[in-house]
Amino acid sequence: MPSQIMSEFDALEFRNALGRFATGVTIVTTVDAAGERYGVTANSYNSVSLDPPLVLWSLAKTSRSIDAFDACKAFAVHILGAHQEDLAKRFAASSADKFAGLDVHAGLNGVPLFEECAAHFECTLENRFEGGDHVIFLGRVEHFAHGDAAPLLFHDGKFARVEAPENEA
C-alpha cells in the first residue's frame, strides 16, 4: 500500500483516504435567540463517553451556520435512517429555509427535532474546541430516542446502506 509522506501531502488524496471509512449520516440542528432554525448534514459525529453521556461533531469554519452553532446553548444530533437520503441532501445544500414544509417539533431549548430518524440526541453544549479548519462541538446528552430504522451511511464519497446478512435476505 503506497503511503503519503507529509512533504508530499496531497489534500485530495487525504480526503480520498478518509472516504474509505464508512460513517453514519447525521443532521445537527439548533435554534438561535430569535427563534431562527439551523441545520447541517454532518458525518463527523462520534460518541465520547457514557458517564457523563457525551457526543461530539464538527463543523467547517466556513459553514454559513457556524455563527449560530458557535453561539448555541443546545443542539440535536439526528442519526438518519436509510430512507432519509433526500433529507441529508437537503441539509447539505445551501438554501434559504431548509425546514420549509418539514414536520419538525421543538425539543430541548426549542431545538428542531425530526421524526422517523434511526436515533436522535438532544444535547446541551458542554464545550467547543478549535480543530484546524473545523470547530468541534462537545455535547452532553440530556434526552435521546431511537427506533428500528436501518442507518444511512456515507462511504467513498456517496451514500450507502447496510446490507442484510444473507441468512436474513
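## An exposed arginine in a predicted model

Arg64 is exposed, with a relative accessible area of 75%, a value that lies over the 50% cut-off used for that class. The model that holds this residue is a predicted one, and Arg64 is found there in the loop between β5 and α2, the latter covering residues 66–71. Although Arg64 and Ser94 are 30 residues apart in sequence, their C-alpha atoms are 8.1 Å apart in space.

## Overall form and surface

The protein contains 3 helices and 12 strands. Its radius of gyration is 17 Å, close to the 15 Å that the globule rule gives for 169 residues, so the protein is as compact as a globular protein of that length. Along the principal axes, the C-alpha trace spans about 50 × 45 × 40 Å.

Of the 169 residues, 36% count as buried, and the protein exposes about 10,400 Å², of which carbon and sulfur atoms supply 53%. Among contacts between residues at least 6 apart in sequence, 63% join residues that are at least 24 apart. As for charge, the protein has 13 positive and 24 negative charges, and the mean positions of these two sets are 5 Å apart.

## Pairing around β9 and β10

Strands of a sheet pair through backbone hydrogen bonds, either parallel or antiparallel. Strand β9, residues 119–131, and strand β10, which covers residues 134–146, pair in the antiparallel sense over 12 bridges.

Strand β5, residues 53–60, pairs with β10 over 7 bridges in the antiparallel sense, and Val55 stands opposite Gly139 of β10. Strand β6, residues 74–79, is joined to β9 by 6 bridges, and the two run antiparallel; here Phe75 stands opposite Cys123 in β9.

## A three-stranded open sheet

An open sheet is formed by 3 strands in the order β1-β11-β12, with antiparallel pairing. Its edge strands are β1, residues 23–24, and β12, residues 158–161, each of which pairs on one side only. Strand β11, residues 152–155, pairs with β12 in the antiparallel sense over 4 bridges, and in β12 the bridge partner of Leu153 is Ala160.

Leaving aside neighbours within four places in sequence, Glu85 is in contact with Leu152, Phe159 and Arg161. At 18% relative accessibility Glu85 counts as buried, because the cut-off for that class is under 20%.

## Backbone features in the loops

A cis peptide bond, with omega about 0°, joins Asp51 and Pro52, and Pro52 lies in the loop between β4 (45–50) and β5.

Two residues other than glycine have positive phi values. Asn109 has a phi near 55° and lies in the loop between β7 (104–106) and β8 (112–114). Glu116, which is not a glycine either, has a positive phi of about 65°, and its place is in the loop between β8 and β9. With a relative accessibility of 63%, Glu116 counts as exposed, whereas Glu85 counts as buried at 18%.

Key:
Residues numbered from 1 in each chain as written. Predicted model: local features only at pLDDT ≥ 70, side-chain atom pairs only at ≥ 80, totals over all residues. Heavy atoms only, no water. Rg over C-alpha atoms; globule rule 2.2 N^0.38 Å. Buried < 20%, exposed > 50% of the residue type's maximum accessible area, 1.4 Å probe, protein only. Contact = heavy atoms within 4.5 Å. Areas by Shrake-Rupley, 256 points an atom, 1.4 Å probe, with all protein chains shown as cover. Lys, Arg positive; Asp, Glu negative; His and termini not counted. Charge placed at Lys NZ, Arg CZ, Asp CG, Glu CD. Pairing = 2+ DSSP bridges.
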